[in-house]
Amino acid sequence: MDRLSRITPAILDVLEVLVATCEIGCHGFAIAKDVNRPTGSVYPILARLEKAGWLQSYWESEQPEHGRPRRRLYSLTSDGQLAADGVLAERRHGSAAILRPRLSLGGAAVVA
Amino acid sequence: MTRFAVWCATTVVLPLCLIEFNELAPWLARKVVTFGAWLVVDSNLRERYQEEWWEGVEAWPGKLVKLIRATLLVGLAVPRINWDIFDAWWQREIGARVAIGALSRSCYSYFVYAPMTVPFLRGDARSGYAEYNRLLAMICKAIRTADTADRIEAMEILEALAQYPPSWIAPLHCNRVINDKVLKDLRDALQLRGYVSPSNDGRGVGAPYTA
């Protein structure tokens, strides 16, 4: 599995959705809706993650409803899951942890 | 008479055209998606993207909305995907990350958008494009490995290429024959600087990143 050269906020958003739905897998349009970003931004991110080995994709096995095109489903690989957890912990939860003491300074003064 | 013509245009023709366009929009959206997928440099991915993207566009309600969504999707996704393909090719061939920050904006857009014109090119121009890519790879290698003076010179060549690309790169001139002079000048310049041995004529060094 390759390292990602650049991790943008959009990639973090997509990873968050994928971590939450990694069991079932979800399609590009649903991910774009969840992260509230245009599909034109999300599809290249999915392609990049798949190429780096973080994701696997497959066509849905169930017969789609009448007239609907097949969906390409994405889910994290086992390595991708670990890497995504690490990146999210570092970038999202890590930054929250750094911010929290700063924010609590004011609160601490009030409590005191 | 003129008033009647204007009245006809605004009350009959224009609404009819709008209705027709509205009916046509999903079909146009489909064409936009197909065309967008066709512009992806890696031909192995085109069919997949076509189906996948259409599913994303189809999910939207309305007719005109589908067309707008398809246009936005293609406009955003294709350059990014092509850039990633180019980036991977660059890393494989040059052995480093794209140092494109050192280059001008025109150079950046040249790398991203020029591959999209390849499907418009005639067969002979396509082979010219592959040759051009090989030469680009060599210039980029020179930028990375040569000494400072040569590196500056190689950068200048690359910048000049980005500003004055061969005429067959531009889609408007896609029917023109390859501008052999550009390739020859470039090859000569590289040979003079010892980047290309005359025996292999640049072939076998690097590979085109077009699929």
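Helices here are DSSP runs of H or I with at least four residues, strands are E runs of at least two, and both are numbered from the N terminus.

This is a predicted model, where local features need pLDDT of at least 70, side-chain atom pairs count only at pLDDT 80 or more, and totals for chains, interfaces and linings use all residues. Residues are numbered from 1 along each chain as its sequence is written, while chains are lettered from A and ligands numbered from 1 in the order in which they are written.

On confidence: pLDDT is the predictor's confidence in each residue, from 0 to 100. Chain A averages 79, with 81% of the residues scoring at least 70.

| Element of chain A | Residues | Mean pLDDT |
|---|---|---|
| α3, highest | 39-51 | 92 |
| α4, lowest | 78-111 | 64 |

Over residues 97-112 of chain A, pLDDT is below 50, and beyond near neighbours in sequence the stretch has 0 contacts (C-beta atoms, placed from the backbone, within 7 Å).

Back to α2(A), residues 28-35: A:G28, A:F29, A:I31, A:A32 and A:V35 are buried (20 or more other C-beta atoms within 10 Å of their own, again placed from the backbone). They sit on the same side of the helix because they cover an arc of only 160 degrees around the axis, taken from the directions from the helix axis to the C-beta atoms. Their cover includes α3 of chain A and α2 (43-58) of chain B.

As for the interface, 17 residues of chain A are in contact with 17 residues of chain B. The largest share of chain A's side, 7 residues, comes from α3(A).

Definitions and conventions. Contact = placed C-beta atoms within 7 Å. Buried ≥ 20, exposed ≤ 12 C-beta atoms within 10 Å, placed from the backbone.
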